[in-house]
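Look through the sequence and the model, then read the points below.

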Amino acid sequence: MTTWTENQGRIPVTVPAYSQPQRVTQARVLRSEWTKLRTQPSAGWALLSAVVLIIGFGILYSLLREARPPHGAAIKAFDPASVSLSGVQLAQIAVGVLGVLLITSEYASGLIRASFAAVPRRLPVLWGKAVLLVVATVAVSLPAALVTFLAGQSILGRQHLAMSLSHPGVARVVLGSALYLAVAALLGLGLGALLRSTAGGISALFGLLFAVQIAAGFLPGSLSSEVGKFLPATAGQAVTSIHPDPASSLAPWTGFGVFCLYAAVVLALAAQRMRRGDA
Amino acid sequence: MIEIHALTKRYGATTAVSDLTFTVRPGTVTGFLGPNGAGKTTTMRMILGLDQPTSGSVTVNGRPPRMHTAPLRELGGMLDPRAVHPSRSAYHHLLALAQTNGIRRSRVDEVIDAVGLREVAGRGAGKFSLGMSQRLGIAAALLGDPATVVLDEPVNGLDVEGIRWIRVLLADLAARGKTVFVSSHLMSEIAQTATHLIVIGRGRLIADTSVAEFIAAAAPAAVRVRSSNQDALAGLLSSPDVTVAAAGDGALIVSGLSAGQVGAAASAAGITVLELAAEQASLEDAFVDLTQDAVEFRTTTGDRPGHMNEETK
C-alpha cells in the first residue's frame, strides 16, 4: 500500500469492449475452482498437515508397537498395515476441515454471491469443489500412505511383525486409506454447504465422525456393535483394516459404500439448499 | 434492460420489498435511491438472481437472471466490494470469475488496467482500502463486458478523484448503450451521476422519474429578499400564485416569482433592496421530505440481520 494512491492521474475511464463468445460449462467452472484452490493458502496447509499426520503418527505408532509387541493370541489379531496407517485417524480431521472451509469461506466473505452471479445454476460450483477435493486429497494422501506403510513395516519388521505390499488385502488397505480420507473431505464439504457456517460445519463433521460412535457405545453390548457397524467412521474404516472383525464391522467395500452413502446424502441435501435457496 | 414486475420479497414476517414495478432502460444511467433499509440491496440481489422473489418477476435483457447461458455477458454486478477471499490476489480473484464463463486471461489484465489496479493486482485483496476494493468490485462487474451493469453504492469509499472517475465511467457505459443501474442513499450523489431515478422507501416504489423532474417537483425554487420596507414589499408581492413567508432573520422567502421579478417590483415601488438571492432547491430536503415516512417507520421494525451490509455503509 506504499505506492498505490486513489489518484494516479493516468487511469483511463473507458473499459475496452470484449466480444469473444462466452458460456458457462462444468469444465470451465472446474478450472475456476482449481484457480481458487491453489490461491487459497489454507488449503495447502490443510493438505500438508494431513500428510504430516499420516506419516508422523504412523511412524510414531509403529515405533510404539515395535517397543511393545503383541504376545500370544494377540499376534494373530495384530494388523501391521493398520498400525502403520493409524495416522489416517488424525488426518481425517485435517481433510474434513478443508472440505468444510472450501465452501464456508466463500459464504463467510460473501464471495459466494460473485461465484453464483457468474454461475447462476450454482451446482457446477459445488461439483467443481467436490471433484478437486477428491483429486487433491487422494493425490497427497495416497503417496503419504504408501510411504508410511513401507516405513512402518520396516520398523515392525524388526519384531517380525511386518507384512509385504503383496500380502492379500494390503494394497486395498493403502488405497482404502486414501479413499476414506477423500470421502471424509466430501462429508465436510457437504456439511459446510448445508450449514453455511465454518463452526457449524466442523461441529457437525466431528459429531458424525466421532460423537455418534461414542453415543452408540452406551447402547447394550450386541446392539452397540450392530448399530456401530453402520455409523459413518466405523463403516468407512472397514476398508482400512486387513481383517475387519465381522462382529463389529462390515465387509471392507460394503462399509466403504455405506460411508460414501452418508457423504452422498449430505451432498444431495446441500445441493438442494444451494440450488433453491437465497445466496 | 431490467424489467421488474410486482416484485415482493419477504423474510419471515418482514417484508423487505413490496409490489415493486419498474423498468430500467438501456442507454442511460438510472439511479436507485432510498434511505438505508429501504430494500435497495434486496432488490439488487433479486436482479442478480441471488435471492428468489417471494412473488413477482425480474427479467434481465428479457430473461430471468438465472437462465442466461453466458451470465457475465448479460449482467455484471457488484453488491459488496469486500466480498473477496482475503489472501487471494486481485488478479486471481478476477481470473477465477473469468474462467467460469470462458473469458480469456488477457481480458482480466484489461479490466485491471481499466480500473487502475495494475500495481496492486498481485496483492491479497483483503488488505485493500475501501476505494481499491470498490475498483476491484467494478472490475469484476465489467469482466464480461455485460449489457446490463448493477452496482450497489459504487462511490461509497472513493475519494473525489475516484468519484469523478466512476461518474465518467458510468456515463461512458450508458453512451455505449448499456443499462446502468446504480444505488445510493445520497440524493446529491445520484443527481450528479444519473439521469433517471427510481426512488423507494419501505420496500415500495415512491418515484420513477427523470432526475430533473424529480428536483423540480419536489423542491420548488424560492427567492430570498431583504429590503428597507419588508411589510410593504410582502403586501406588494402577495397574490394567489405567490407565497411570501418570513424567514427567522427578518428576510422574506418568496416562491412563485423569479429574483428579477422581485427586484423589479421593489424598485417600481421605491423600496430599496438590501439583499436578493435565488434559494437553491435542496436536493437532500426534497429527498428527506419524500422518504420521511419510510425512515420513521423503519425505526419501529426489525431489519433482517443478514442485511446489515446496507446499514453499515
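**The sheet of chain B**

Strand β1 (residues 2-11) of chain B pairs with β2(B) in the antiparallel sense, over seven bridges. Keep in mind that this is a predicted model. The points below start with this sheet, then turn to a helix, the interface and chain A.

- B:Ile2 stands opposite B:Val24 in β2(B).
- The sheet is open and has three strands, in the order β2-β1-β4 (chain B). Its pairing is antiparallel.
- β2 (14-24) and β4 (55-60) of chain B stand at the edges. Each has a single partner strand, so one side of each is left without a neighbour in the sheet.
- From one strand to the next, the twist averages 20°.
- As a general rule, strands of a sheet pair through backbone hydrogen bonds, either parallel or antiparallel.

**A covered helix: α3 of chain B**

- Helix α3 (residues 90-100) of chain B is mostly covered, with 11 of its 11 residues buried.
- Among the buried residues of α3(B) are B:Tyr91, B:His92, B:His93 and B:Gln99. B:Leu94, B:Leu95 and B:Leu97 are also included.
- What do the buried residues of α3(B) pack against? In chain A, they pack against α1 (26-38) and α6 (111-118). In chain B, they pack against α4 (105-114) and α5 (130-142).
- B:Gly102 follows α3(B), and its phi is positive, near 75°.

**How α3 meets α4 in chain B**

- The axes of α3(B) and α4(B) come within 9 Å and cross at roughly 130°. The two helices are therefore oblique to each other.
- α3(B) passes α4(B) in a right-handed crossing.
- From α3(B), the contact uses B:Tyr91, B:Leu94, B:Leu95 and B:Ala98. From α4(B), it uses B:Arg105, B:Arg107, B:Val108, B:Val111 and B:Ile112.
- By class, the residues of this contact are seven nonpolar, no polar and two charged.
- An α-helix has 3.6 residues a turn, so residues three or four places apart point the same way.

**Where the two chains touch**

- How many residues of chain B are in contact with chain A? There are 55, and they meet 41 residues of chain A.
- Five helices of chain B, namely α2 (71-74), α3, α4, α5 and α6 (160-175), each supply at least two residues of the side that touches chain A.
- That side of chain B divides into 23 nonpolar, 17 polar and 15 charged residues.

**Chain A**

- Chain A has 12 helices and zero strands.
- Its C-alpha atoms fill a box of roughly 80 × 40 × 35 Å, taken along the principal axes.
- Chain A has 279 residues, and 47% of them count as buried.
- Take the contacts in chain A between residues at least 6 apart in sequence. Of these, 78% join residues at least 24 apart.

**A helix pair in chain A**

- Helix α7 (residues 123-156) and helix α12 (residues 252-276) of chain A pack at an angle of about 150°. Their axes are 9 Å apart.
- α7(A) brings A:Leu123, A:Leu126 and A:Ala130 to the contact. α12(A) brings A:Leu267, A:Ala270, A:Ala271, A:Met274 and A:Arg275.
- The contact of α7(A) with α12(A) has seven nonpolar, no polar and one charged residues.

Terms used. Residues numbered from 1 in each chain as written. Chains lettered and ligands numbered in written order. Predicted model: local features only at pLDDT ≥ 70, side-chain atom pairs only at ≥ 80, totals over all residues. Buried ≥ 20, exposed ≤ 12 C-beta atoms within 10 Å, placed from the backbone. Helix = DSSP H or I, 4+ residues; strand = E, 2+ residues; numbered from the N terminus. Contact = placed C-beta atoms within 7 Å. Nonpolar A, V, L, I, M, F, W, Y, C, P; charged D, E, K, R; others polar. Axes fitted to C-alpha atoms, helices over the stretch in contact; angles between N-to-C directions. Parallel < 35°, antiparallel > 145°, perpendicular 65-115°, else oblique. Left-handed = near helix turned anticlockwise from the far one by under 90°. Pairing = 2+ DSSP bridges.
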